[in-house]
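Dear colleague,

Please find below the structure that I am handing over to you, together with its sequence. My notes on it follow.

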Amino acid sequence: MEIEEVSSYEALPLLSLNHVSLLCRSVWDSVRFYEDVLGFVLIKRPSSFNFRGAWLYNYGIGIHLIENPSIDEYDTMTELRPINPKDNHISFQCTDVGLVIRRLQDMGMRYVTAVVEDGGAKVDQVFFHDPDGYMIELCNCENIPVIPISSCSFKPRGQSFKKAPNNCGFMENVMMESLSMDMMNFSF
């Protein structure tokens, strides 16, 4: 889905996400994880690199791994890191969240689940870590439509419009109200 530009600046000529680059303690442990768990394929990496790493590709995006065995040099935490859905993460859409959960259970992997609901639509999410503690999310996120904030109707506080369609949530309406107020301030 293309989202119409609303900025006064011309958008950069972006096409799509190309790759995510991650530091890892062991390239081969991480390669095995991304191949075995997520189905990525190891691909050729440019020969001019003078550091250990690997490139993987699938689903239209790449994962570039850069080995740095000392990334935990100053980390004294020996416990497993909690899986927190509100932490930084990479998210992939999937077609069967139940199958993902069964596969993670078969592999003995720790994970947490969450559900997001909006306007009757429901998204199932599964969160887990790669060998270096990076959070991965698998979900059926396409169940909630992408609605640009600019399509949200502005409804001033305290006023109600009978049967005014509103596909946006509280925060989207607050943001539109703030934008509208800023625009009025600029005009005077």
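In which sense do β1 and β4 pair, and over how many bridges? β1 and β4 (residues 61-67) run parallel to each other, with 6 bridges between them. Two strands are taken to pair if DSSP finds at least two bridges between them. Strands (E, at least two residues) and helices (H or I, at least four) are DSSP runs, numbered from the N terminus.

Please note that this is a predicted model, in which local features need pLDDT of at least 70 and side-chain atom pairs count only at pLDDT 80 or more, whereas totals for chains, interfaces and linings use all residues. Residues are numbered from 1 along each chain as its sequence is written, and side-chain values use heavy atoms, with hydrogens and water left out.

The sheet

β1 and β4 belong to an open sheet of 4 strands with mixed pairing, in the order β1-β4-β3-β2. Its edge strands, each pairing on one side only, are β1 (19-24) and β2 (41-43). From one strand to the next, the twist averages 30° (axes are lines fitted to C-alpha atoms, for helices over the stretch in contact, and angles run from 0 to 180 degrees between N-to-C directions). His19 has Gly62 in β4 as its bridge partner.

The cysteines

A disulfide is a pair of cysteine sulfur atoms within 2.5 Å, and the count by this rule is 1 disulfide. Cys139 and Cys141 form a disulfide with their sulfur atoms 2.0 Å apart. The link of Cys139 and Cys141 is left-handed, at -115° about the S-S bond. Cys139 counts as buried because its relative accessibility is 0%, while Cys141, at 26%, is partly exposed. Here buried means under 20% relative accessible area, exposed over 50%, and partly exposed in between (1.4 Å probe, protein chains only). Cys94 is in no disulfide; its nearest cysteine sulfur, that of Cys139, lies 6.6 Å away. With a relative accessible area of 15%, Cys94 is buried.

The second largest pocket

Cys94 is also among the residues nearest the centre of the second largest pocket, along with Val37, Tyr59, Val100 and Leu138. A pocket is an open set of points on a 1 Å grid over the protein atoms alone, where a 1.4 Å probe fits, with protein on both sides within 12 Å along at least five of seven lines; lining residues have an atom within 4 Å of a point. The lining comprises 15 residues, and α2 gives the largest share, 4 residues.

Yours sincerely
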